[in-house]
Amino acid sequence: MSIPSVQTGLSFVPPDVLRAMETIHGAGFGVWIVGGALRDHLLGGEPKDWDLATDAAPEDVMRLFPRVIPVGIRHGTVQVHTRKRDIEVTSYKPTGEDGILKDLSRRDFTINAMALSYPGGLLIDPHGGRQDLRKGLIRGVGAPRERFSEDVLRIVRASRLAGTLGFDVDRNTFEAMREEAENLGQVSGERIRDEFRKILLSRYPIEAFDLLRKGWALGKLLPELVVRDHVDTLPGSKMSILRHALLCVRHCPARLRLRLAALFQNVAVPATGARNGKLPLEYAKQSAMAASGRLRLWHMSNRQIDEVAVLIEKRFPPDAESWSDARIRRFITDVGTDLLDDFTALAEAERRARGITDVEGIEILRRKIREQLGVIPAMRVRDLALKGSDVMEALGLGEGPEVGRVLHSLFERVLRDPALNTRERLLEIVTAEYGPQSGLPHGPSEAANGERSLPRSGRRR
Ligand code: ATP
Ligand code: MG
């Protein structure tokens with residue numbers, strides 16, 4: 001080979017990836033390991049996802065593997081499924097050495113523009129990627145400004161890589177980022193989402209956001225977080241709302257919905273509200289709505305959007321650790337069990353972000369939640385010891401909203417007093433309070449106006 005190369009070997013490559021490479025090579029094509037896996041391996045880390053480059057055309061790749069999907073046919077990318085993972089295989093032209101060199105020259109940063117040959121295990125590094133790995137630098141391949149204008153998402157990728165690797169951005173590259181940042185409006189929500197997901201889950205999210213902010217990119221990507229960054233401070237603190245949010249992100253365990261909630265938790269707290277010393281809690285609902293709006297633009301799933309919104313809106317107030325047991329139970333049934341750890345993690349991060357190191361209160365809250373989870377036998381209406389059919393029978397009711405109302409009021413009482421959740425006790429309550437003699441509006445007498453219908457069998461609520 002005429003280009004300088006270093007023997008690196010393939011011993012770090014998992015067997016299924018090697019088999020895929022062998023399949024391509026065996027059919028007479030060239031194939032290389034490229035991208036993040038090679039970079040992460042050279043950094044001494046564990047490669048995550050695998051990218052291959054080949055001079056086989058996408059149609060050839062599709063023909064060679066039983067389980068493939070064309071993910072980015074425009075860029076010549078095909079996804080090959082092995083039993084263990086999905087491998088992205090991208091085609092380059094022309095065939096041979098010129099082809100892989102051309103491919104690498106089109107990649108974004110020097111540390112991402114190396115390739116490892118198969119079966120030789122020789123590393124080619126035409127843009128000085130290994131040197132930048134040693135220096136801890138993100139540096140664009142070729143003329144940085146042109147490269148950012150070709151694909152402006154690379155600005156976000158630079159910050160994302162800096163955040164995941166703990167690297168700096170080379171000065172020329174950074175200046176080019178600034179000059180091109182105004183075009184960030186052209187990038188699709190999905191691509192931005194994917195990079196922000198990696199930023200939020202990275203080891204240095206604050207540094208990545210700082211780069212985006214100093215590079216004039218954050219105001220284009222998330223204007224709602226920066227519009228008033230210079231005036232807004234957290235009530236009772238000199239810290240800006242954005243700084244506080246980022247510190248919260250950093251203090252949260254690396255779970256996406258949690259860190260998104262941390263990021264957007266006070267996005268709607270206005271400058272005036274903050275100055276008047278009003279608690280962000282008053283703006284929780286509006287912040288949840290603003291966050292949902294952004295996440296919809298990012299095309300996140302409805303479920304993820306709802307989870308983030310609930311975490312923001314229903315966050316624990318500062319005095320939650322002194323809540324009564326009944327209030328804790330109501331909270332649990334209100335938000336469900338799935339998000340509980342995230343709620344306490346968010347509350348803890350919020351305190352730590354404000355410099356509070358004594359988070360004993362959060363531990364108290366966690367303990368109370370555990371205790372109440374143990375005593376709540378009826379987590380949802382359907383866990384009541386009495387079923388809808390029992391209520392219908394006891395009260396002579398047909399199917400209808402009335403039954404639901406009775407069940408709900410029973411449920412409220414069981415939350416207050418879990419000991420009531422036995423069939424016997426609940427039946428007693430139903431007949432005493434809703435039965436014909438009770439005289440209460442919930443009784444069936446009122447339902448005579450049509451809601452009291454004959455039981456319709458076979459239809460479930
Ligand atoms: P990760 O480990 O997070 O997957 P990665 O560097 O592999 O990081 P990918 O998005 O998987 O990131 O991209 C694989 C490779 O494709 C990159 O290493 C880079 O060489 C190239 N690449 C990806 N996106 C771009 C882009 N927008 N412009 C130029 N090259 C890109
Ligand atoms: Mg990758």
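Predicted model: local features only at pLDDT ≥ 70, side-chain atom pairs only at ≥ 80, totals over all residues.

Trainee: Which residues are the protein donors of the magnesium ion?
Mentor: Asp-49 and Asp-51 are, each through OD, at 2.3 to 2.6 Å from the ion, which is ligand 2.

Trainee: And is Asp-49 buried, exposed or partly exposed?
Mentor: Asp-49 has 45% relative accessibility, so it counts as partly exposed.

Trainee: On to ligand 1. Which side chains have a polar atom by one of its oxygen atoms?
Mentor: Among them are Lys-198 at 3.0 Å, Arg-157 at 3.1 Å and Asp-51 at 3.3 Å.

Trainee: How much of ligand 1 does the protein cover?
Mentor: On its own, ligand 1 has 590 Å² of accessible area, and the protein covers 82% of that. Helix 2 (36-42), helix 7 (153-165) and helix 9 (189-200) each give two or more residues to the shell.

Trainee: What's the make-up of that shell by class?
Mentor: There are 13 charged residues, 3 polar ones and no nonpolar ones.

Trainee: Changing topic: how many aromatic pairs are there?
Mentor: A search of the whole structure gives 9. In one of them, Phe-196 and Trp-298 have ring centres 5.2 Å apart and planes at 15°, so this pair is stacked.

Trainee: Where do those two sit in the chain?
Mentor: Phe-196 is in helix 9, while Trp-298 is in the loop between helix 16 (284-297) and helix 17 (302-313), 102 residues apart. Both are buried.

Trainee: Which rings form a cluster?
Mentor: Phe-316, Trp-323, Phe-331 and Phe-343 are linked into one by ring pairs.

Definitions and conventions
Residues numbered from 1 in each chain as written. Chains lettered and ligands numbered in written order. Heavy atoms only, no water. Donors = N, O, S within 2.8 Å, 3.2 Å for Na, K, Ca; no water. Buried < 20%, exposed > 50% of the residue type's maximum accessible area, 1.4 Å probe, protein only. Polar contact = N/O pair within 3.5 Å; in protein donor to acceptor, adjacent residues only side chain to side chain. Areas by Shrake-Rupley, 256 points an atom, 1.4 Å probe, with all protein chains shown as cover. Helix = DSSP H or I, 4+ residues; strand = E, 2+ residues; numbered from the N terminus. Nonpolar A, V, L, I, M, F, W, Y, C, P; charged D, E, K, R; others polar. Phe/Tyr/Trp six-rings, centres within 6.5 Å; stacked < 30°, edge-to-face > 60°.
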